[in-house]
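Student: I have a structure open and would like to learn how to read it. Could you take me through it feature by feature?

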Amino acid sequence: ILLHLFTLVISSCYILVVSIPFPSSFSSFFFLMIRRPPRSTLSSSSAASDVYKRQEAAAREAAAREAAAAREAAAREAAAREAAAAREAAAREAMAAAEAQAKEDRIIQELVKFAERERR
């Protein structure tokens, strides 16, 4: 059996033509069509370019989402630091007010003791 192979290239496909001669007077032809892989070039008209552009856009969007999440996390941390600082300031003010009240109470007790001694 003799096989004759011919390959034709048509825009996006390879066409393989196989001719098998039989002992009788007729021959058989088989056509096999194989799709060509996309071009690796990034020309604006290629399907590979479209995929590349979609991947690039998706990567940009993911980076933008990550940056926004990082900004939000930083804002939350800053708000938490400010709240902690405000609590500390309020605690210091409360402590100072308590100390002032305690001092005032001691002065009043001393004055009461002094007044009682003077009455005797």
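**Reading the fold**

Tutor: Start with the secondary structure: the chain has 1 helix and 3 strands. Here helices (H or I, at least four residues) and strands (E, at least two) are DSSP runs, numbered from the N terminus. This is a predicted model, in which local features need pLDDT of at least 70 and side-chain atom pairs count only at pLDDT 80 or more, while totals for chains, interfaces and linings use all residues. Residues are numbered from 1 along each chain as its sequence is written, and side-chain values use heavy atoms, with hydrogens and water left out.

Student: In which pattern do the elements follow each other along the sequence?

Tutor: The pattern reads β-β-β-α.

Student: How do I read the confidence, and where is it lowest and highest?

Tutor: pLDDT is the predictor's confidence in each residue, from 0 to 100. The chain has a mean of 77, with 60% of its residues at 70 or more. Strand β1 (residues 4–10) is lowest, at a mean of 48, and α1 is highest, at 91. Over residues 1–9 the pLDDT is below 50, yet beyond near neighbours in sequence this stretch has 24 contacts in the model. A contact means heavy atoms within 4.5 Å.

Student: What share of the chain is buried?

Tutor: Buried means under 20% relative accessible area, exposed over 50%, and partly exposed in between (1.4 Å probe, protein chains only). Of the 120 residues in the chain, 8% are buried.

Student: How many salt bridges does a search of the whole structure find?

Tutor: You look for a side-chain nitrogen of Lys or Arg within 4 Å of a carboxyl oxygen of Asp or Glu. The search turns up 1 salt bridge. Glu-56 pairs with Arg-60, with the closest N and O atoms 3.5 Å apart. Both residues sit in helix α1 (residues 47–119), 4 residues apart, about one turn of the helix.

Student: Are those two partners buried or exposed?

Tutor: Glu-56 is partly exposed, at a relative accessible area of 35%, whereas Arg-60 is exposed, at 51%.
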